[in-house]
Every structure is written in C-alpha cells, then in structure tokens.
Amino acid sequence: MYPPDTGAGSLPKSPTIMAQISSYLDNRLEMPTDVTELCDSFSNVKVLKLNRVHYSWQQLLECCKVFPCLEQLHVCFNNLSSVHSPGSQLQNLVLLNLESNCLESWDQILQLDICPRLESLILNDNKISSITFPDASLGSKTKFFSNLKHIYINNNRISQWSCINELNKLKSFEDLQIHGNPIQETASPETVRQLIIAKVANLKKCQRTEVQRYLNFKPYKKFSHDLLFKCIPSRRFHQSGRLIP
C-alpha cells in the first residue's frame with residue numbers, strides 16, 4: 001500500500017517530513033519498477049526511516065537509490081537476518097540504524113565499511129555474539145570503519161572480553177553502549193564499565209555516561225587484567241580476555 005498520492009510534483013522534500021512519513025508505514029510496500037526515475041524528486045532528503053516495511057536488505061538498498069544524498073538511514077524492525085556491501089550506494093551515510101532485526105554475523109557488519117563517512121552504527125536488539133577486526137593485531141589499528149565513533153550494541157550476545165579488546169583497534173571510536181549482553185554478568189555494572197574504559201583507550205562516553213579519566217592507566221591492559229582477577233577471583237581469564245570455564 002502506498003501513502004495517499006499527491007503527485008510527484010507536490011511530494012514533500014523536507015528531510016524531516018520524509019522521515020515522519022516513512023516511519024508510519026507498517027506494511028509491505030510495493031516497489032516501483034524503476035526507482036532511479038524518482039531520484040530528482042528526493043535529492044534533498046538526508047534522513048530516511050524505513051522501519052517495519054518488511055523489506056530484505058537488497059530491497060532496502062533498491063529503495064535507497066531514490067534518495068541519493070542520505071546521511072541517516074533507519075531500517076529497524078524489518079526481520080533482517082543478513083546484510084551485505086551496499087556497493088557504491090550510501091556514500092554520504094553518517095548514521096545507520098539496524099536496531100531490532102535478526103543479525104548474527106559480524107563478518108557481514110564489516111562489509112558496511114564501504115560507507116566511508118559512517119560515524120554511528122546502531123545494532124541494538126540483534127543476535128551478534130562476536131566483534132573482531134581480523135586485519136589488525138592487538139595494539140594496532142584496523143583499516144575498517146576509520147570514521148566510526150559510536151557503536152550501540154545493547155541486547156545482543158556479546159560474552160567475551162576479547163570483543164572489547166577488538167574495539168580498541170578502531171581509529172576514531174569514542175562512544176559505546178553494550179547494556180543487556182552476557183558480558184554484563186561477569187561483574188557489577190560499574191566494574192564492567194570501568195573495565196571497558198580501561199581496555200578502550202579513547203572512549204569519551206561509555207554506557208551513556210561521560211568518561212572521566214582521573215588516573216593515567218599505564219599500561220591499561222595490565223590494569224584491566226588485574227581488575228578482572230580482583231573483582232572475579234573465582235574465574236580465570238586467558239590473556240586475550242576470554243573467560244575460561
């Protein structure tokens with residue numbers, strides 16, 4: 001079903017209005033045969049919400065061709081189980097919201113690195129269990145997501161401290177939300193937060209709270225390792241940060 005037809009010439013071009021229209025659509029939309037014919041009508045749109053439209057990732061990308069200058073894309077509640085590289089699309093994208101889908105594979109998330117301006121990645125309420133940047137060793141920086149500053153990955157399946165170590169490989173990373181993951185069960189909420197801060201050197205915000213670095217942790221890995229043993233003495237940890245049963 002389409003929204004009421006107002007004619008192509010009278011369609012609103014305000015990014016705010018377009019975002020509101022698309023967010024009200026809670027049923028499967030019929031795709032036009034050639035979406036590229038509509039590009040000029042929507043060239044000013046910067047923010048697009050395609051929540052609950054029940055498209056596959058490929059169909060969402062087809063729809064985005066209509067909006068060549070997107071800076072924010074919200075595709076929540078679409079039951080997405082996979083994503084892949086958007087190719088030459090989404091080159092201006094700064095924020096991508098994939099909240100409340102069924103994504104499991106971090107390897108697929110890495111394919112979104114092709115969006116060169118991406119700063120914010122929202123992955124809340126999915127099924128992701130690992131974070132890894134295989135191109136870089138611990139202590140070095142990854143080539144992936146060079147501008148990524150914010151990752152919100154609440155209510156997933158992250159359980160290993162090695163995943164937090166991996167986030168320190170990001171060049172620009174400064175803001176993490178990771179509530180509702182099994183890793184929260186390894187210690188008290190404040191201890192977990194302090195461990196994250198110790199492991200990710202450039203964090204400015206953690207769990208929605210500004211980071212205050214009163215101490216100069218040198219080296220921060222030793223601090224986090226010692227704190228793990230102090231707070232959870234009955235459990236053993238591999239050097240990588242993985243919990244040993």
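1. Let's start with the rule for ring pairs: rings of Phe, Tyr and Trp (its six-membered ring) pair if their centres lie within 6.5 Å. Going by that, this predicted model has 2 aromatic pairs.

2. Take W106 and F133: the ring centres are 5.9 Å apart and the planes sit at 85 degrees, so this pair is edge-to-face. W106 belongs to helix 3 (residues 106-110), while F133 is in the loop between strand 4 (120-122) and strand 5 (150-152), so the contact ties together parts 27 residues apart in sequence. W106 counts as buried at 3% relative accessibility, and F133 does too, at 0%.

3. F133 also pairs with F144, this time tilted, with 6.4 Å centre to centre and 40 degrees between the planes. Both residues lie in the loop between strand 4 and strand 5, so this pair ties together parts 11 residues apart in sequence. F144 is buried, like F133.

4. K143 lies over the face of F144, 5.7 Å from the ring centre, and R52 lies over the face of F77 at 4.0 Å.

5. On to helix 2 (residues 57-64), where W57, L60, L61, C63 and C64 are buried. They span an arc of only 160 degrees around the axis, which puts them on the same side of helix 2. Its buried residues pack against strand 1 (47-49), strand 2 (72-74) and strand 3 (95-97).

6. Helix 5 (residues 189-199) has 8 of its 11 residues buried, so the rest of the structure largely encloses it. Among the buried ones are R193 and K199.

Note on methods:
Residues are numbered from 1 along each chain as its sequence is written. This is a predicted model: local features need pLDDT of at least 70, side-chain atom pairs count only at pLDDT 80 or more; totals for chains, interfaces and linings use all residues. Side-chain values use heavy atoms; hydrogens and water are left out. Buried means under 20% relative accessible area, exposed over 50%, partly exposed in between (1.4 Å probe, protein chains only). Helices (H or I, at least four residues) and strands (E, at least two) are DSSP runs, numbered from the N terminus. The arc is that of the directions from the helix axis to the C-beta atoms. Contact means heavy atoms within 4.5 Å. Rings of Phe, Tyr and Trp (its six-membered ring) pair if their centres lie within 6.5 Å; planes under 30 degrees apart count as stacked, over 60 as edge-to-face and the rest as tilted. A charge sits over a ring if NZ of Lys or CZ of Arg is within 6 Å of the ring centre and within 35 degrees of the ring normal.
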